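Subject: A structure for you to look at

Hello,

Here is the structure I promised to pass on. Please open it beside this email, and then read on for what turned up.

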Amino acid sequence: MRAILSEGPFLPLALVATSLIPALLIFPLPDRAERARRTINLAGAAVKVVLVIVLAIGLQAGQVYEARASFLPGIDLVLRADPIPVLFVFLSALLWFTTTVYAVGYLDSGTHRSRFFGFFSLCVTATIGIALAGNLVTFLIFYELLTVTTYPLVVHSGDERARAAGRTYLRYTITGGAVLLLGTVWLQAVAGTTAFGETEILRAVAIEQPGVLQAIFVLLIAGLGVKAALIGLHGWLPQAMAAPAPVSALLHAVAVVKAGAYGVVRVIHDLYGAPLAEALDLLTPLAIVAAATIVYGSARALAQDDLKRRLAYSTVSQLSYIVLGASILSLASITGALAHLVHQGIQKVTLFYVAGILAHDLGITRVSELGGLGRQRPVTMAMFSLAALGMIGVPPTVGFMTKWELGTGAADAGSTWVIAVLVVSTALNAAYFLPPVARVWFGAPVDLDTDAEGGAEAAGPIDRDAATAGRDEPGGASGRGQRATEVARAPDQRLWHREGDPWLVLPAVFTGSSVLILGVFAGAPLSPIDWARDIAIVLVDALP
Amino acid sequence: MSPLAIVLLVLAPLTPLLVGVVGAPRAGRRRWWLAVAAPLPALVLAGSGLDGELHVPVVLLGATLEIDGIRRLLLAAVGLVWLLAAASGRSLLDGPTSPLAAWGLAASGSLGVVLAGDTITLYTAFAVMTFAAYPLVIHRGTDDARRAGRAMIAMAVLGEALLLSGLLLVTVGAGDPALGTVRAAIAGGEVGVLGPALVTAGFAVKAGLVPLHLWLPLAHPAAPVPASAVLSGAMIKAGVIGWLLVLPVAGPAGAPAVIGTALLVVGTVTMFTGAGFGVLSSAPKVVLAYSSISQMGVLAMIAGAGLLASDPAGTTAFALAVYVLHHGLAKAVLFLAAGAAEVARRRVVLGVAGLAGLALAGAPLTSGAGAKLLAKDVLGAVPTSGGLLTTTLSVGSIATTLLVVRLLALLAAATDPASTTAADAATTGLWVLAALVALVPWAVPWVVTGEVVPVGDLGAVVEASWPIAVGLVLAASAVVLVRRRPGVARIAVPPGDLLVPLGRVGLRVSGGAIERGQQIRAAVGRWRTRGRNRVRDWELPGRLMTLDEQLTRWRPTGVAFLALAVAFAWVLRTGS
């Protein structure tokens, strides 16, 4: 234990290896080797969670974890566990674990499962690499690796829609990656370094060449903005909904879009440093772009009937909360931005878990088909509701905590207009998340058989019948009492049977209840808010 | 702070919450006693005489719960309404689903608002109450109920948005979320006007001030009787309690005068509009809803006067709390009497409703008289316009008297004179309620705070009597008028008054945004197509506008790559 905790390259490398090795082991497995694949996957995910906890403890004790290898003359590949990376690695490791459990339940049949899980693990490898990258070059390499490893996941189903989505995805992300590469190369050429956390070098460069640094910043943000789905660069995201639910969950919560937003945070705070970015007049324009994205994403989400598309546009909007918070210079807003990395992750992952469960078990893919599901699957739909309320920012969910921090931060920094953006977005979020929630609990069940696209599996109609039976109002008073006891007793005996596969439901329960618990105890030590504030205090101390 | 106080302070909001969360999954008829028990710890706390403040750093962003004399009085007022409504809550159980979860959450939020010691806790409790009220309103599942629910949620989201932005501004302006600090900062002028104004408006949505009252006349008749009782008796009071807690209503003047003036003006308008629409309504529960709006206008006037006048003795807070207690109980009793109209004896229904109605109008020796005496103290202290304001309040009592007469007439029409045996339990219950409405508003303030609600001298009795006499005369002449000219009787206001002429437009904008996304969707689609066509017509390839589409073709991507390659070459050349 002491050896692991001690400083050095072991932990960062081990964190990458705990998903790289499973990937390499899984690829050669035949599709039917369900048990082996499951064991490898879960073991890797569990070990990673343990390692992250060890890392966090060590970091608290002041240890430095760094793995360095020379790559090109003058350029090293660096993996280093700084405070912001550890927060992101923690989120990735945790949600990777739950999503692996979910994916095992979701892909319980079908072909190419070894391919899927192999790339799934590679995708997480890339995310961990992005998280721990100690300089922009390392970041870029893993960022491109992420692009490449996600493509097979997006097109997994192999149908025309998925392929089209995959092509669009590649076009956007490869172009974005190229722009990022251009920015990185330029920066290396101008400053001689791209290391995170050495902002004084860039500050020296800025005195002579402020225009160049501005241009590089724009390139970097544009490159990252593709994955972070900033307005105008977001077009691939709603199409990528063709991917299977676990992929969407991972894509939206930790991997792809989050990598973009995380990159923006690091460029502002670890590469340029907020004071320099502010001095170069870069932050206000970025905040305006983020604000526009927030409102645009919410407005577009309003018009989607397809559940996953609605969630996708909601992601467009929510991601920009992080960018917005990162581009406002105050303790509270930076806290909000960093905490929202986690908050948005657990909320969105829950929503996609449930969307996947509904599509998988019942063939429900549309908002208009959600009626009456609350009685049918109360636990699952309670988690959906919690996450949706979190997205709106209803207290005491974590989404509210983000909003409060961002709002107070903006007011502190004198950017009162941000509060108006937050409030408009809250109203829009309410307009597209409250109706589904109300429909789930108070709406009448929709008859899927009349629906052309209702691909309900065998279990679907039976479940629906059960729900309708529970809903019937018997005529006589005595009959009512009897039926009432029946209905009251039913959940006890068949709750888990009704909720469906625990492999699918338990991850949703874990993340969904976190939305509430982490919100109610937001002031507790080690809550995302508390953690984020500790990091933000250090960042803000560096401000002039 | 004593351990007992801490335990009670935590249990008061937590018990209803647990009732809602734990009781809900297996809720049935037999579990409804949980709802009755839910407000009991709060009532014990109210009667305990304990003061104190509890800070729990790990909850929310550092939650604070506070209890003092005024809050105990408010807690008693709100808690009694929840207790009373739950005890008579049988009719709630007739629906397809059990409302226990929503009931518990709403009660928890409603009591939590009273105890909140910082802006975040206050907003949280307020939001929980607001959203939990939705299932109660739509409980019957009828089209009317759903329409009311939509209007309510749309208004609630508006209110939450105003409130959130206001609370953010005042919290940052004060530098601390503690409500005491916030009040002092607002009074000291350190916060500016915008934040306090937004907070005032946000709470005004809940309080139902004109023109933000639109959801109330829809929600009340649609909701089951006990839900209407808590809505009018407890939940809309959260708006007033919010003003009292966030704005420097009590204490020395110093707050932005514009807010005080606005509350006075809007309160006056609300008092008269509410009563006027109420008289012209034709269902008992709608009349009662408008009466609540009217009475909330009075409370807004008191709060506004408190902001304008210097009030070192703290009369304003006491006056507001007593008025909340008096109106909450009277209104809850009136709703329950209206709900019992079809089963209980006519005599009893009219007797109980008449008693509560007299209190509402402020007849001498009723709780209303005491509450209005206190209110007049506060209003009279407003510089330059005090006399005018107290007279306005008396004129308001005339309107209330008319409204009560209208209500009694409608109830008389609704009751069945033949009903004698069926509902002896209901009849007994109503007498208990009548005793409550007569005694509690006098007893509770004395028990809770040691302060006495004034009965007034002979002059006060006269002062309280003449508006009622005038009201009765007017009512009598109206009856005569209707006899002679039957056409007059057809003048009626549909529930939701302005919503109806504002019409479907209003609902589409507010409620429609919620559930009729289709229409907006279609409009957005048309707008987009039109935009696209326009761009195409201009032969401007629209690369900026529809970047999404353009990027889905290969050619632009190729061009982009070429450009990038050139850029790379340039960068590498200049850099090295």
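The accessible surface of chain B comes to about 22300 Å², and carbon and sulfur atoms account for 67% of that surface. Such areas come from the Shrake-Rupley method with a 1.4 Å probe, and for residues only the protein chains shown count as cover.

Before going further, please keep in mind that this is a predicted model, in which local features need pLDDT of at least 70 and side-chain atom pairs count only at pLDDT 80 or more, while totals for chains, interfaces and linings use all residues. Residues are numbered from 1 along each chain as its sequence is written, chains are lettered from A and ligands numbered from 1 in the order in which they are written, and side-chain values use heavy atoms, with hydrogens and water left out.

Chain B as a whole

Chain B has 25 helices and 2 strands. Both kinds of element are DSSP runs numbered from the N terminus: helices are H or I with at least four residues, and strands are E with at least two. Of the 576 residues in chain B, 56% are buried. Buried means under 20% relative accessible area, exposed means over 50%, and partly exposed is in between (1.4 Å probe, protein chains only). Taking contacts in chain B between residues at least 6 apart in sequence, 80% join residues at least 24 apart; a contact means heavy atoms within 4.5 Å.

The core

Which residues have the most contacts inside the largest nonpolar core? They are A:Phe139, A:Leu213, A:Tyr272 and B:Trp243, in a core of 363 residues. Helix 15 of chain B (residues 315-339) gives the largest share of this core, 18 residues. A nonpolar core is a set of buried Ala, Val, Leu, Ile, Met, Phe, Trp, Tyr and Cys residues joined through side-chain atoms within 4.5 Å. In soluble globular proteins, nonpolar side chains tend to be buried together.

Leaving out residues up to four places away in sequence, A:Phe139 touches A:Ile130, A:Ala133, A:Leu180, A:Phe196, A:Leu224, A:Ala259, A:Tyr262 and A:Gly263.

Helix 12 of chain A and two partners

The axes of helix 6 (residues 136-154) and helix 12 of chain A come within 11 Å and cross at roughly 170°. Axes are lines fitted to C-alpha atoms, for helices over the stretch in contact, and angles run from 0 to 180 degrees between N-to-C directions. Helix 6 of chain A and helix 12 of chain A are therefore roughly antiparallel (angles over 145 degrees count as roughly antiparallel, under 35 as roughly parallel, 65 to 115 as roughly perpendicular and the rest as oblique). On the helix 6 side of chain A, the residues in contact include A:Phe139 and A:Tyr143, and those from helix 12 of chain A include A:Ala259 and A:Gly263. By class, this contact of helix 6 with helix 12 of chain A has 8 nonpolar, 3 polar and no charged residues. Here Ala, Val, Leu, Ile, Met, Phe, Trp, Tyr, Cys and Pro count as nonpolar, Asp, Glu, Lys and Arg as charged, and the others, Gly among them, as polar.

The axes of helix 4 (residues 83-106) and helix 12 (residues 256-272) of chain A also come within 11 Å, crossing at roughly 170°. That makes helix 4 of chain A roughly antiparallel to helix 12 of chain A. Their contact has 7 nonpolar, no polar and 3 charged residues.

A:Ala261 is found in helix 12 of chain A. Is A:Ala261 buried or exposed? A:Ala261 counts as buried, at 0% relative accessibility. Not counting residues up to four places away in sequence, A:Ala261 touches A:Ala228, A:Leu319 and A:Ile322. A:Ala261 and A:Ile322 are 61 residues apart in sequence, but 6.6 Å apart in space, C-alpha to C-alpha.

Details in the loops

A cis peptide bond with omega of about 5° joins A:Pro395 and A:Pro396, and A:Pro396 is in the loop between helix 18 and helix 19 of chain A. In chain B, a cis peptide bond joins B:Val210 and B:Pro211, again with omega of about 5°.

A:Ala229 is not a glycine, yet has a positive phi of about 60°. A:Ala229 is in the loop between helix 9 and helix 10 of chain A, and is buried, with a relative accessible area of 1%.

Enjoy exploring!
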